[in-house]
Amino acid sequence: MTLFFSRVLTLSVRKDNARLFSSLPQLPYLLMGGKKLRESPEGKIGKHRLFDPTTEETVFSSEKTLPKKLNGKPLVGASQGWTASLDNKDLTVHITDVYKPWLSSSKVISLPSIGFKPSTHQTRVSLSSSDPVQDDFSVAAKFDEYQLSVCRPCWDSKWTHIETAYSLLPASDLMYSKRDKVFYFTSFKGNYMASLDLSNNYEPKYQHLRLRNLPKIPEAGWQMLDKCFMTNHLVESPSGELFFIKWYTQCIHKEDEDGDLEFIHSSTKRFMIFRQDGMSKDFCYTEDIGDVCIFLSKSEAFSLSASKYPRLKPNSIYYVGPRLGSYDLASGTDRPFNFDRLGEPSLVRTPFWLHPTDPVA
C-alpha cells in the first residue's frame, strides 16, 4: 500500500496572537459573510460576520487573514467546524478552519482535484474528524446526483467516485457517525438510508428507512404537507442517538395590485423528527429529544447539549434555509429570527452553521 501524504497544509499565524485572539466564546455561530479591511502578502485581512443564536445578534470576529489560495473560491460545504471550498480552475478542494472565530491561527488542507465540475448546487461535505491535521481522516462529498465522492488524504492520491443506487437529490443529507464510524446518507424522498464504511470497502449498504408512530395530523394537514418542499436530514446526538428529520417548507408569493409578482419567499411549516430504535433500527416519531438542540443548514447537520451552552433552547431545531429561525419540537412553534439587523434572508450567502468542536481552553 502506498502512503499518499502530499496534501498541502498551510498555517496562517499572526505574530500578535495574544493581542488579537478572539474574545468570542466557542458557540455554534452562523457564518454570514465578512468585510475586507486591507491586503497583506499572505492574503486578504478582514473580519467575519457571524450570527450568535444565543443572543440572536450579529457579531464580528477579530481580524483574520484569508489565505490567497482561498481567495475567490466558493464554499461548497462545512463539517466539524471546517469549511470546504472548490477551485473552479483545477477543481481541487480546500478545507480550512479560518472561519472559526475562537481561533487565532488558521489551517488549510488541500485535497486532490475531484476531476469534474459539480453537477448540482446542493453540494454536501462530511469529515470523519474534527482535527484533520492530527488524525487519519476521511472526506465524503456529494457533487453529483447519482454519485458519492470519497477521499482518504493520508492514503489516496485521488478521489474515488461511487455510483449510488438512488438519487441524492433534491436534498439528500450526508453525515459521519462517530458511534458507528461510517458515513450515512439518504435517498430521494428519504425512502432509503445507506451506510458507507471506508475501512471495509467502498460499497454502500442500503436499508429501507422504516418510520413508526407517525404523528396524528388531520387529513387536511397531510394534504398541506404533501404540497410542501421536503428535505431529509440525519443527525447524531452527543450521546450517540441517531435522528432522522423531515423539514417541510412552503413557497409563498405576493402580488401587487396589478397582479405582478412582488416577491417570493419560503417559510417553515413543520419539522418531523424520528429517533432510531436501538433494537429494530426503525425510526420512531418523537416530540421530545431532551436536552438536545439540532442545527440544520447547508453544512453537515449537528447537535449539541443545550445545557453546555447557556441560552440555547433544548428540544429545538435551529435552522437556516429559506429563513433563519428556531423550531420548538414540543409545541410545534416556528419562530423566525428578527431580520431587522440581518437584512433579507437571500443575503445570507454562506448559510453554514459552524460546529464548536475544539477543546475549550
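I am working from a predicted model, in which local features need pLDDT of at least 70, side-chain atom pairs count only at pLDDT 80 or more, and totals for chains, interfaces and linings use all residues. Residues are numbered from 1 along each chain as its sequence is written, and side-chain values use heavy atoms, with hydrogens and water left out.

**Terms I keep at hand**

Strands here are DSSP runs (E, at least two residues), numbered from the N terminus, as are helices (H or I, at least four). I call two strands paired if DSSP finds at least two bridges between them. Buried means under 20% relative accessible area, exposed over 50%, and partly exposed in between, with a 1.4 Å probe and protein chains only.

**Strand 23**

I looked up how covered strand 23 is: five of its five residues, 292-296, are buried. On one side I found Val 292, Ile 294 and Leu 296, and on the other Cys 293 and Phe 295, so I noted both faces as covered.

Next I checked its partners. Strand 24 (residues 302-305) pairs with strand 23 in the antiparallel sense over four bridges, and a hairpin of five residues joins strand 23 to strand 24. With strand 25 (residues 316-320), strand 23 pairs in the parallel sense, again over four bridges. There, Ile 294 stands opposite Ile 317.

**The sheet around it**

Which strands make up the open sheet, and in what order? I read five strands in the order 24-23-25-26-27, with mixed pairing. Strand 24 and strand 27 (333-336) are the edge strands, each pairing on one side only. The twist averages 20° from one strand to the next; axes are lines fitted to C-alpha atoms, for helices over the stretch in contact, and angles run from 0 to 180 degrees between N-to-C directions.

I also followed strand 25 onward: five bridges join it to strand 26 (residues 324-328), and the two run antiparallel. Val 320 stands opposite Leu 324 of strand 26.

**A look at strand 14**

I then turned to strand 14 (residues 174-177), where both faces are covered. Leu 174 and Tyr 176 are buried on one side, Met 175 and Ser 177 on the other. Strand 14 pairs with strand 15 (residues 182-186) in the antiparallel sense over four bridges, and Leu 174 has Phe 185 as its bridge partner. The hairpin of these two strands has four residues between them, and in it Lys 181 takes a positive phi near 55°.
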